[in-house]
Amino acid sequence: MSEESDQAGARVGRRRKPIEQTPLQRALGLLTRREHSRRELSRKLASRGVEAADVRSAVDRLADEGWQSDTRFAEALVRSRASGGYGPLRIKAELSTHGLDREAVAAAMATFDGDWTETACDLVRRRFGPARRIEPAQARKIADFLIRRGFDAAAVRAASQLDPEDWGGMA
């Protein structure tokens with residue numbers, strides 16, 4: 001074996017030990033990737049072996065310094081899910097799983113500046129393509145799809161009864 005290959009093998013075998021991060025650094029690392037709710041951030045830190053008291057301390061400090069905000073998280077989630085074709089019922093349910101109270105959920109939902117019925121109709125146009133007339137079987141498929149996506153009854157009814165001229169030139 002040559003001297004160069006011995007040195008290369010030695011370099012591969014000697015790796016630096018990773019520097020242990022503090023709970024605050026771990027939490028900040030998670031927040032730099034995307035917004036997290038307090039509950040979600042706490043859960044992730046705990047799953048990484050951080051003690052409960054250290055979790056609370058880190059999350060409280062980041063919230064006090066403005067790095068973590070449940071309001072900002074909720075608004076970002078509403079924007080993301082609405083643009084992804086989800087309805088208000090599904091979004092509200094998801095926000096509730098993050099430990100947000102009714103007032104915070106309502107405030108976040110109020111930031112949506114669109115119309116849920118129109119969002120449902122647009123989703124149907126994109127998903128089901130051109131249509132001459134909606135047959136009963138297709139109306140059921142549309143309704144099932146929109147219900148799974150979290151739209152309310154009024155939006156489902158409106159989107160599953162679109163007239164061909166409402167399909168915006170796709171007919």
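Start by selecting helix 8 (116-128) and checking its length. At 1.5 Å a residue, its 13 residues should span 18 Å, and the end C-alpha atoms are 18 Å apart, so the two agree. The expected span here is 1.5 Å times one less than the number of residues. Helices (H or I, at least four residues) and strands (E, at least two) are DSSP runs, numbered from the N terminus.

Before you click further, know that this is a predicted model, where local features need pLDDT of at least 70, side-chain atom pairs count only at pLDDT 80 or more, and totals for chains, interfaces and linings use all residues. Residues are numbered from 1 along each chain as its sequence is written, and side-chain values use heavy atoms, with hydrogens and water left out.

Stay on helix 8 and colour its buried residues: Trp 116, Thr 119, Ala 120, Cys 121, Leu 123, Val 124 and Arg 125. Buried means under 20% relative accessible area, exposed over 50%, and partly exposed in between (1.4 Å probe, protein chains only). What do they pack against? Helix 5, helix 6, helix 7, helix 9 and helix 10.

Now zoom out. The chain has 10 helices and zero strands, and buried residues make up 33% of its 171 residues. Contact means heavy atoms within 4.5 Å. Among contacts between residues at least 6 apart in sequence, 62% join residues at least 24 apart.

Next, select Val 78, Ile 91, Leu 95, Met 109, Trp 116, Leu 146 and Phe 151, which touch the most other members of the 27-residue largest nonpolar core. Such a core is a set of buried Ala, Val, Leu, Ile, Met, Phe, Trp, Tyr and Cys residues joined through side-chain atoms within 4.5 Å. Helices 5, 6, 7, 8, 9 and 10 each supply at least two residues of this core. A second, separate core has nine residues, including Ala 27, Val 50, Val 55 and Leu 62.

Centre on Ile 91. Leaving out residues up to four places away in sequence, Ile 91 touches Leu 77, Val 78, Arg 81, Ala 82, Tyr 86, Met 109 and Trp 116.

Over to Arg 90, in helix 6. Is Arg 90 buried or partly exposed? Its relative accessibility is 38%, so Arg 90 counts as partly exposed. Beyond neighbours within four places in sequence, Arg 90 is in contact with Arg 148, Arg 149 and Gly 150. Draw a C-alpha to C-alpha distance from Arg 90 to Phe 151: 7.4 Å, although they are 61 residues apart in sequence.

Then find Ile 134, in the loop between helix 8 and helix 9. Ile 134 counts as buried because its relative accessibility is 15%. Ser 160 lies 26 residues away in sequence, with 7.4 Å between the two C-alpha atoms.

Last stop: the largest pocket. Select Arg 34, Glu 35, Glu 40, Phe 73, Ala 76, Leu 77, Ser 80, Arg 81, Glu 94 and His 98 to show its lining. A pocket is an open set of points on a 1 Å grid over the protein atoms alone, where a 1.4 Å probe fits, with protein on both sides within 12 Å along at least five of seven lines; lining residues have an atom within 4 Å of a point. Helix 5 gives the most to this lining, with five residues.
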